[in-house]
Amino acid sequence: MTTRIGIRELRDTLTAASRRVESGERLEGTRGGIPVAVIAPYDEDPLERLIASGRAAPGRPFRPPTRLAQAHGPKTASEILLEGREDRFWRRRCR
């Protein structure tokens, strides 16, 4: 069932209109009596939409990305960042 509603009324009663759409009603927004927009319930499954756009494949299991190898060196990134912060701290204090 489609109900026509003026854009101004739609704007003023948006919460009530969204509840009507959630319950299955379809609203047609009009400006000067001419239809300009349709607000309808969203009934498409997100997975189906991804499959249709080619961004997902049906029946293929999800595999999380493999973990990258950890770098080995004399210092960790955290230690290097901490040293940089300490240098800035002492430079400000010694001015």
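How many salt bridges does a search of the whole structure find? The search finds four. A salt bridge here is a side-chain nitrogen of Lys or Arg within 4 Å of a carboxyl oxygen of Asp or Glu.

This is a predicted model, where local features need pLDDT of at least 70, side-chain atom pairs count only at pLDDT 80 or more, and totals for chains, interfaces and linings use all residues. Residues are numbered from 1 along each chain as its sequence is written, and side-chain values use heavy atoms, without hydrogens and water.

Among the salt bridges are these:

| Pair | N to O distance |
|---|---|
| R4 and E28 | 2.6 Å |
| R20 and E25 | 2.8 Å |
| K75 and E83 | 2.8 Å |

R4 and E28 link distant parts of the chain, 24 residues apart. R4 sits in strand β1 (residues 2-6) and E28 in strand β2 (residues 26-31). Strands are DSSP runs of E, at least two residues, and helices are runs of H or I, at least four, numbered from the N terminus.

Buried means under 20% relative accessible area, exposed over 50%, and partly exposed in between (1.4 Å probe, protein chains only). R4 is exposed at 53%, while E28 is buried at 17%. R20 is partly exposed at 30%; E25 is buried at 16%. K75 is partly exposed at 43%, and E83 is partly exposed at 35%.

D43, E44, D45 and E48 form a surface patch of negative charge. Such patches take residues with over 30% relative accessible area and no salt bridge, joining like charges within 9 Å. D45 lies in the loop between β3 (34-39) and α3 (46-53). D45 is partly exposed, at 39% relative accessible area.

Technical notes: Patch = residues over 30% accessible without salt bridge, like charges linked within 9 Å, V, L, I, M, F, W, Y side chains within 5 Å. Areas by Shrake-Rupley, 256 points an atom, 1.4 Å probe, with all protein chains shown as cover. Lys, Arg positive; Asp, Glu negative; His and termini not counted. Charge placed at Lys NZ, Arg CZ, Asp CG, Glu CD.
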